[in-house]
Amino acid sequence: MNGQVAHPSCSEATALCIHSHTGNEAFSKGDTMSTSVAVYRNIYTEDRFRQTFGTEAKPNGKGRLRETLSKPCRCSRETCLHLLKERVPIFSWLPKYRLRKWILGDTVAGLTVGILHIPQGMAFALLTSVAPIYGLYTSFFPVVLYMLFGTGRHVSTGTFAVVSLMTGSVVEQLVPTPPALNSSSAEAAELEAQRIGVASAIAFLSGVMMLCMFGLQLGFLSTYLSEPIVKAFTSAAAFHVTISQLQNMLGLRLPRYTGTFSLFKTLASVMENLPHTNLAELLISLLCLAVLIPIKEVNTRFRQRLRTPIPVEILTVIIATGVAYATSLDSTYDVQIVGHIPAGFPQPRLPALQTVPDIAGDTVAITFVGYAVSVSLAMIYADKHGYSIHPNQELLAHGISNTVSSLFTCFPSSATLATTNILESAGGYTQLSGLFTSLVVLVVLLLIGPLFYFLPKAVLACINVTSLRQMFLQFQDLPDLWRVSRIDFMVWLVTWLSVVVLNVDLGLATGVVFSMMTVVCRTQRAGCSVLGRASNTEIYRPLDNHNKCYEVPGVKILTYNGPIYYGNRSFFKADVNQLLGLTPERIRSREKARKALEKREREAISTVERGVANTSFSSENSEFFKSEMSENEVQAVLIDCSSVIFVDVAGAKLFIQMCVECQKMGVRIYLANCNESVLKILTSSGLMNYMNPQHIFVTVHDAVVYIQLQREKPSENTMIWV
């Protein structure tokens, strides 16, 4: 018989003979490999394999639970030091700091990023609908805190355009700008205080959420924002940022729209008010764009040759401030300027916590976006430079950063794309670069800040728009995404359109739901295939893709490439019924034929009175196969569970139902390659009451050889020779 060979040199039932030789007899001409392996061993069911090679029983659940709970509570000097280094990573990496090798790179990179933080912090404050000074605060406190608690060596935290935009939408909803507001009045100061109160409350609540997630060890939740979702979301959010800055670039005093279709409402309002454009601010914007875009392109293209990128943003801010001061643009041409920027540190104060019920829903989205972008950036550069980050520790770092910073009138912060890229390309090595970044911002806060009084807001708007270059360029990934995975391409497209058409938060939610639905649909339509055997091997492959493989006579081998659960059990059953030809009419006719055959067998045995053996458990009784079925008809169904990662209660009940239906047909069910969790669920659900436990095998080939041997009634000690 094919697959079984007697071997004279192996007398014991458990012998294993492996024969290796070189030559071309087992391979076609031209193949590079020429080594063949022959294995001679016993047939293994799951029970027999577990008895032979399984591990000893684990201690009971109470003991394991007690040990798990008591382990973190053990207090010793080593445990405390380990916990301190784990939760405050600066105590871990600072003693190992290579001063001579790393200090220059960290210093240059930190100073470069600090110079960039100044104009970007003030610019992103406009997106948040607060005064520019609060952007400088947000560029200082989170940087210091992340240096102490973060694990990303090349991560630059601070103001981020997308997070600022989302925060600004909430601020505008709760504290809208009244028409004809005098910027120098007491009413304007009160309005500004209310706005930063709401923004800092969002930062506080976001930090608390991250700390709660850290306590529950929920760092894995960031994985639900897949790479296509994050890239599509940030790219679409870049359009929102650009459209929202048009009014500042054109010198228009327009209300900020929020909610669904806000992008189109803002664009329509700008188009409607184009005749009221301030020509001076339009000229300033065009000049700034003409300077910023080419120089930033030079920085990008010659990044490897430039020791540090050209600080075009801060140079533009300094020049524009000087020109505006010299020509009195604010009074002569009614150009909007930044205004008073107080020097010194802010006084600690509580955020507007009374607004927490109103901001809770939006803060959830802001929290997930900030954390997902931060962890994604940290992982990208960690993989590039060969170190690891800890997602749960990142939750703690960003949670502390946002919570503590909110007490100093900061709005939500996260890792930023542009500054992180510059930090890495400028030669940063460790988190110590954050110290030099914060020193630059500190000097501005204490000394230089008031000098930016005459800075035109149009300049900050241009800095906002040009900082989004990386986000717009993510469209370049679409051709590769289409080539690699059409489903991921659809996720990208749906997320992008949802964010652009609906809004930032609703679009993100739509993208996440659509992405998860694609996963569910793929598990529902995983597909059931018939396996065939490659000649003279133990290899089984789907016949659809391997037409030179053949079906084992009398055995239908099925495989399912996904979990079997309540969501796809009906699809799995339909596929199996179609492949086996199981219909209610055929099941009834076969059941009648089987019962008639059993009745004739009972009548034939008239000399001995005894009970009839249970055909669903008898592995020796093959008379029904031989008398009722033809040689090529399906007599056994073998299900390869190697791709079934889990089974729920509904799936287990489906297995029982299939066993019952196949028994009515006179067909036995066999299982192979079940993982431990699947086997445990099937056993606990009572499947062993409907099928023989000895019909569950370690491999498909074990099961096939066993089925063939049962048809030929071999001896007890059976070997397989491949």
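# Close-ups of a predicted model

**Figure 1. Asp-477 and Lys-231 join their side chains in a salt bridge, with 3.0 Å from N to O.** Here a salt bridge is a side-chain nitrogen of Lys or Arg within 4 Å of a carboxyl oxygen of Asp or Glu. The two partners come from distant parts of the chain, 246 residues apart: Asp-477 is in the loop between helix H20 (469-472) and helix H21 (478-484), while Lys-231 is in helix H10. Helices (H or I, at least four residues) and strands (E, at least two) are DSSP runs, numbered from the N terminus. Asp-477 counts as partly exposed because its relative accessibility is 28%, and Lys-231 gets the same label at 24%. For these labels, buried means under 20% relative accessible area, exposed means over 50%, and partly exposed is in between (1.4 Å probe, protein chains only). This is a predicted model, so to speak of local features takes pLDDT of at least 70 and side-chain atom pairs count only at pLDDT 80 or more, while totals for chains, interfaces and linings use all residues. Residues are numbered from 1 along each chain as its sequence is written, and side-chain values use heavy atoms, with hydrogens and water left out.

Figure 2. Asp-480 is partly exposed, with a relative accessible area of 43%, whereas Arg-483 counts as exposed at 61%.

**Figure 3. Lys-556 pairs up with Glu-551 in a salt bridge.** The closest N and O atoms of this pair are 3.3 Å apart. Lys-556 counts as buried at 13% relative accessibility, while Glu-551 is partly exposed at 34%. Elsewhere, salt bridges that share partners tie Glu-227, Lys-231 and Asp-477 into one network. Searching the whole structure turns up 13 salt bridges.

**Figure 4. The largest cavity holds about 140 Å³ of space.** Lining it are 13 residues, and those closest to the centre are Leu-165, His-240, Ser-244, Tyr-257 and Ser-262. Helix H8 (161-174), helix H10 (227-250) and helix H11 (262-272) are the elements that give two or more residues to this lining, and H10 has the largest share with four residues. Sorted by class, the lining of the largest cavity has five nonpolar, seven polar and one charged residues. The classes go like this: Ala, Val, Leu, Ile, Met, Phe, Trp, Tyr, Cys and Pro are nonpolar, Asp, Glu, Lys and Arg are charged, and the others, Gly among them, are polar. A cavity is a set of points on a 1 Å grid over the protein atoms alone where a 1.4 Å probe fits but cannot get out, and lining residues have an atom within 4 Å of a point. Grid points are joined across faces, edges and corners, and a volume is the space filled by probe spheres set on the points.

**Figure 5. The second largest cavity holds about 120 Å³ of space.** Its lining has 15 residues, with Val-143, Val-155, Ser-156, Thr-157 and Gly-434 closest to the centre. Helix H5 (99-127), helix H7 (141-149) and helix H18 (433-448) each supply at least two residues of this lining. By class, the lining of the second largest cavity splits into six nonpolar, eight polar and one charged. In total, the structure holds seven cavities of 30 Å³ or more.

**Figure 6. Val-298, Phe-302, Ile-310, Leu-315, Ile-319 and Val-323 make up a nonpolar patch on the surface.** Together they have about 480 Å² of accessible area. Patch residues need over 30% relative accessible area and no salt bridge, and nonpolar side chains (Val, Leu, Ile, Met, Phe, Trp, Tyr) are joined within 5 Å. Accessible areas come from the Shrake-Rupley method with a 1.4 Å probe, and for residues only the protein chains shown count as cover. Helix H13 (residues 312-327) gives the largest share of the patch, three residues. Phe-302 is in the loop between helix H12 (279-301) and H13, and counts as partly exposed at 36% relative accessibility.

**Figure 7. Thr-409 and Asn-673 both have a positive phi.** Most residues other than glycine have a negative phi. Thr-409 has phi near 55 degrees and is found in the loop between helix H16 (391-406) and strand E4 (414-415). At 5% relative accessibility, Thr-409 counts as buried. Asn-673, with phi near 60 degrees, lies in the loop between strand E9 (668-672) and helix H28 (676-684). Asn-673 counts as partly exposed at 25%.

Methods:
1 Å grid on protein atoms, 1.4 Å probe; cavity = no way out; pocket = protein on both sides within 12 Å on 5 of 7 lines; lining within 4 Å. Patch = residues over 30% accessible without salt bridge, like charges linked within 9 Å, V, L, I, M, F, W, Y side chains within 5 Å.
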